[in-house]
Each structure stands twice: as structure tokens, then as C-alpha cells.
Amino acid sequence: MFREPRLPQPPASTPAALAIPAAAAAIAILAEAGAAWAGACSPSYHVEATIDPGAGTVRGTETVDLACQGDPPKDVVVWLFPNRLGSPPPGLDAMNTWWIYPYSFEPGSMDLVSVSVHGTAVKPGDVAPVDLPGAHPLAGTPMDAVSIPLAPEAGRTSLEIAFEVKVPRRYGLFGRARGGIVLASGWHPVVAASGPGGWDLGAAPPAAPHEIEVTIPAGYDVLIGDEPHVGDAPGKARTVSIATVAGSVPVVAFPRLHESGVTCSGATVRWLGLDPRPDPGAAEWKPGDDGTLPVPEGLVLSLERMGAL
């Protein structure tokens, strides 16, 4: 392991929000590169992982092919999002804990088991933690990113990373509850965005080619990216995969996911839920005068609640 397991520590400084919005959290693990450089790098990912919703673990290997223009960087900044959840969010107390955690606070983490560049192992001491710059709105919060030294070959670099993730019992878009697991983003190491000025501290990870292969234990319905595998859970572990270009590829697994939807004015709306939904009447789904497709109030409320957690 590159790091020993860490006990939760209170953050050095605390923002006012109780819990970070899930979408922002998934993109906000930004870091300051160890050396300035002028160029831009485009990553592509191949990830093979085993996810155990019951144990709350993700174990996998990742190959990142990094194509760079301009001067090659001397290092690459990699975001380790689950470490953002390693300490209790500011303001958590006995009255509001159960809005975020089913029982009590439980930390999340990501550890790098091994790293190699072009097949050559990187020494653990050369993988350096990187702090957010002090001016960043999330500076001082319990986040984690690392800088990995590179040896570019003709503008291209290949990294191989083995990683382990502990997924906490937690509601929202990164956690496990009700017998399942939700990994909306950041569940594998992600390369920071870059541009003409080098590593871009304030940008979301760009859309990149992803080839994801995930093995899930028996008895789970799975959503990977935008592809559901519902109602056909076999009696043994199965592997699902997807090849897509996206900023991230979510994975959701529950013992049972109910699929429903409706077609209106040529558009098909589909959603998955833990509980079956009645078939909506045609009148409920008539388009508005401006041609937009209305969404039932119950669905809107559930989305707002999910986003808040």
C-alpha cells in the first residue's frame, strides 16, 4: 500500500455547507502540479474492477494512456475522490447525521496499491500528495490528490494503477444503502484537466474514452453508464462492460432495480428505481406549449433530495 489507513481527522478549515453537492464533489478534487509546464494532455481509460456492494469495496486495475501536446509534463496529477469522504462533513451532528448516513459517520477512502509508468514501477516515495491551493474554495477540506512522475515517450505516456476503494454507508451519489451501492463518479483514479497553461485547477475532467469492465456478485441488477442490466440477475457473479466517451461512468448495483418509462412526442424517458412505479397516464405526459416534456412532481422531489445528499 502507498498509504496506511487513516482515521478521520477534523478539517483545518470548514466551509459553511453541511455536505458537498455530489456533482461538484465528483469533479472538484483539483490539485496544483509540482512543476509548471505548457501543454495539454488527453487521457483515455481502461478499467477492470470488482465491486462488492455488501462489503463496500472496489478493487481494480486501471490503464491510463495519456497523449500530450506541447512540452511533456514531468508529472501527472491524479484525483482520488473517495478520500474527500474521509472525515465528517462540517456541521454534522446528532440531529442531522441520519440525513447523510444510515447509522453514523463512516469514512470513505481510496488507496493506490501500485503504480507503474511504461511498465516500470514507481517507488511509493515518488508518489507525492498534493494540496489544493489556498485560494480554492475547498482548500483545507479532507481531500486527497497525488502527483506521479512521468517519463513521456514521443508525447505519450502509459500509466498502470492498482487501487482499492472503501465505499461508506452513505446516502446520495457516492455510498451504499438499502443493500446496494451507488458510484456516480470518481470511483477510480482520474487525471486532472489540463490546458495550454498546464494543469487546470478549476476545470472539470474532460470527456474521455472509457472502457470499463466491472464484476458484480450474484443477485444484483446493475446500471453501468447508461446501460441497465435489470431483471436478469444470474445466480453467479457476472461481468458487465461499456465503452463510451464521457467525463465519468457511473455504476449502480442493487438487489432489484425497477425500470419504467414513457414515450411522448417521439422522446422516450426511462428511469430506474428501488420501488416499482405505476405506469403514468398519457395525460400526465402531454408536452407543454413550448414542446418541453413535463416531469412528474414525485420524480422531481426525489431528484432534489438525492442531489442534496
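What does L150 count as, buried or exposed, and at what relative accessibility?

Mentor: L150 counts as buried, because its relative accessibility is 14%. Buried here means under 20% relative accessible area, exposed means over 50%, and partly exposed is what lies in between, with a 1.4 Å probe and protein chains only. Before going on, keep in mind that this is a predicted model: local features need pLDDT of at least 70, side-chain atom pairs count only at pLDDT 80 or more, and totals for chains, interfaces and linings use all residues. Residues are numbered from 1 along each chain as its sequence is written, and side-chain values use heavy atoms, with hydrogens and water left out.

Back to L150. You'll find it in the loop between β7 (145–149) and β8 (156–166); strands are DSSP runs of E, at least two residues, and helices are runs of H or I, at least four, numbered from the N terminus. Setting aside neighbours within four places in sequence, the contacts of L150 are L66, P73, K74, D75, V76, V117, T157 and L159, where contact means heavy atoms within 4.5 Å. S116 is 34 residues away from L150 in sequence, with 9.4 Å between the C-alpha atoms.

L159, one of those contacts of L150, also leads us to H118: their C-alpha atoms are 6.4 Å apart, across 41 residues of sequence. H118 sits in the loop between β4 (109–117) and β5 (120–121). Its phi is near 55°, a positive value in a residue that isn't glycine. With a relative accessible area of 27%, H118 is partly exposed. R178 has a positive phi as well, about 50°, and isn't a glycine either. That one is in the loop between β9 (174–177) and β10 (180–183), and it is exposed, at 58% relative accessible area.

Now for another histidine. H210 belongs to strand β14 (residues 208–216) and counts as buried, because its relative accessibility is 3%. A polar atom of its side chain lies 2.8 Å from the backbone oxygen of A208, and the H210 side chain also reaches the backbone oxygen of A246 at 3.3 Å. Such polar contacts are pairs of N or O atoms within 3.5 Å; within protein, one must be able to donate a hydrogen and the other to accept it, and residues adjacent in sequence count only if both atoms are side-chain atoms. Not counting residues up to four places away in sequence, H210 touches Y45, H188, I242, A243, T244, A246, G247, S248 and V249.

H210 is also part of a cavity lining, together with S185, G186, W187, H188, V190, G247, S248 and V249. A cavity is a set of points, on a 1 Å grid over the protein atoms alone, where a 1.4 Å probe fits but cannot get out, and lining residues have an atom within 4 Å of a point. The lining holds three nonpolar, six polar and no charged residues.

Zooming out, the chain has three helices and 20 strands. Of its 309 residues, 44% are buried. Among contacts with a separation of 6 or more, 71% are between residues 24 or more positions apart.

Notes: On a 1 Å grid over the protein atoms alone, a cavity is a set of points where a 1.4 Å probe fits but cannot get out, and a pocket is an open set with protein on both sides within 12 Å along at least five of seven lines; lining residues have an atom within 4 Å of a point. Ala, Val, Leu, Ile, Met, Phe, Trp, Tyr, Cys and Pro count as nonpolar, Asp, Glu, Lys and Arg as charged, and the others, Gly among them, as polar.
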